[in-house]
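Here is a short report for a first look. Start with the view below, then read on.

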Amino acid sequence: MNRIDLKGGMGCACKIDSVKLRSVLEGIPRMPDKNLLIGYDRSDDAAVYKISDDIAIVQTLDFFTPMNEDPYIFGQIAAANAMSDVYAMGGEVLTALNIVCFPEKEKTEILSEILRGGAYKVKEAGACLAGGHSINDTSIKYGLSVNGIIHPGRIFSNAGAKAGDSLILTKPLGVGIINTAGRVGEASREAMTKALLNMTTLNKYAMDILKKYEVHACTDVTGFGLAGHGIEMACASGVTLEMKAADMHIIPEAEAYAAGFLVSSAGQKNRNNYACSIDFNVLSFALAELLFDAQTSGGLLAALPEDAAAKALEELNTLEIRSAIIGMVVPEGDKAIIFKGD
Amino acid sequence: MKIIDARGETCPVPVILMKKALKEAEGENIREIVDNEISRENLEKMLEELGLEYTSFEENGDFVVQVNRSASDAGSPPRDFISNTVLVIPSDSMGRGSEDLGRILAKNYLYALTESDDLPAKIILYNTGVRLASENGETAADLKKLEEKGVDVLVCGTCLDFFGLTGSLKAGIISNMYAIVEAEFSAERVISI
């Protein structure tokens, strides 16, 4: 097999530091438009533009450096991750375009495999791959520009979580730490298999189920970890998320690797940015690492009324990847997220 | 002192190198150099979790994390027995007048201190004072004894560099002005000889 040589930041772990990014974006002029329902003035997943009373278009793009040396798998993960933003808002993906950065010196077979993996996921999503753009670059990067549609009255934004809601997370945390461990040959085959399943699974399936219920807020948990994306939801909704250490939804091997200090740069960046907004004193060292762990193509974090959440969870757990209720929404306190002991 | 150069490496590699060194170089002090702040923070995070004493500082744009185990390991008396006094030694010669006499006095002072029940929490060496922990074998041995009793011996890194003595450090850990300022200002009593 043609393998990709992995170096530097991997997957969603290569995101630009969110605090730095925010200060850069402050200098960019706002372009208000009554039809732009969701733009970048909110930390939401995708842009939503209304074109009629029934239809709004959802636009997003995502691309990153390889986190898996198998190009076909990397293509699948990058595509699943790029389309996830549309699913996080409750939309349907219609078309996707490839975004490719590829060094001339690399074997073209690697690129073919990456694109084949991406196309496979776009097809699985029931969407069309409609073209793309490629440039020469010093390192491999791949992703998609994605177009979808959504009903303007049924957008799941990250604002709208209400006190009393239960919080569902549709994929366990820990792929960042497992990828980190894998990079230095310390991850078991089983752990890698679990992480790959996590990363390649489309959030479409979880959203198809969640849509049937009253969802107050939803986002996908990616590079900024449960910490960062949870804080975004809490702040956008004006609430606090209360979680229990025992209810953390994690891949068990990741906890063991974190306890063995297989820690990443991305996780530490998230810790620097978000620790001040979270009360996580009750968490062990390993669980705290998982809270800040950057998730590549992570699951959906949704806030639903308690009854609806219980029913949705039952249905979600018919899927291959287990979902879990990880906490509840409480009135806004000093911290955006608080962890309670058992 | 084991030295690890992890410049050019990204996490988890620098952390793994330190973890390995902690296991292999039993009881030895370890100094790791990294080229980015996130790696330094990850190293500090691990050392805190392991409850190990360390100092860290910036040096020529790189970051140095130094684990001080020979002082904190077996044989150290509980910290409560050591008064929160910092002893500052700015010269290898004690008092004014004859330099040669001053050197003898400095040697005698450190020897007397090893015999004393009242020990400072920290000894800070700077300017020619760093010679006492490097070139001068007799005083370095006494400083080593004091370290074994639980006294932190902080040696000014800039001064060692200045005298070309960085490689011949025999006691104490290389420190910087931030650590020195912090040690002096958090002390209840500072004695300068």
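## Where the chains meet

Two residues are in contact if their C-beta atoms, placed from the backbone, lie within 7 Å. The contact takes eleven residues from chain A and twelve residues from chain B. On the side of chain A that touches chain B, helix 9 (residues 265-274) of chain A gives the most, with three residues. Helices here are DSSP runs of H or I, at least four residues, and strands are runs of E, at least two, numbered from the N terminus.

## Numbering and confidence

Residues are numbered from 1 along each chain as its sequence is written, and chains are lettered from A and ligands numbered from 1 in the order in which they are written. This is a predicted model: local features need pLDDT of at least 70, side-chain atom pairs count only at pLDDT 80 or more, and totals for chains, interfaces and linings use all residues.

The predictor's confidence in each residue is pLDDT, from 0 to 100. Chain A has a mean pLDDT of 92, and 95% of its residues reach 70 or more.

## Two helices of chain B

The axes of helix 1 (residues 13-24) and helix 2 (residues 37-50) of chain B come within 9 Å and cross at roughly 35 degrees. Axes are lines fitted to C-alpha atoms, for helices over the stretch in contact, and angles run from 0 to 180 degrees between N-to-C directions. In helix 1 of chain B, B:P14, B:V15, B:M18 and B:K19 meet B:S39, B:N42, B:L43 and B:M46 in helix 2 of chain B.

## Around A:A302

Not counting residues up to four places away in sequence, A:A302 touches A:I168, A:L210, A:V215, A:A217 and A:C218.
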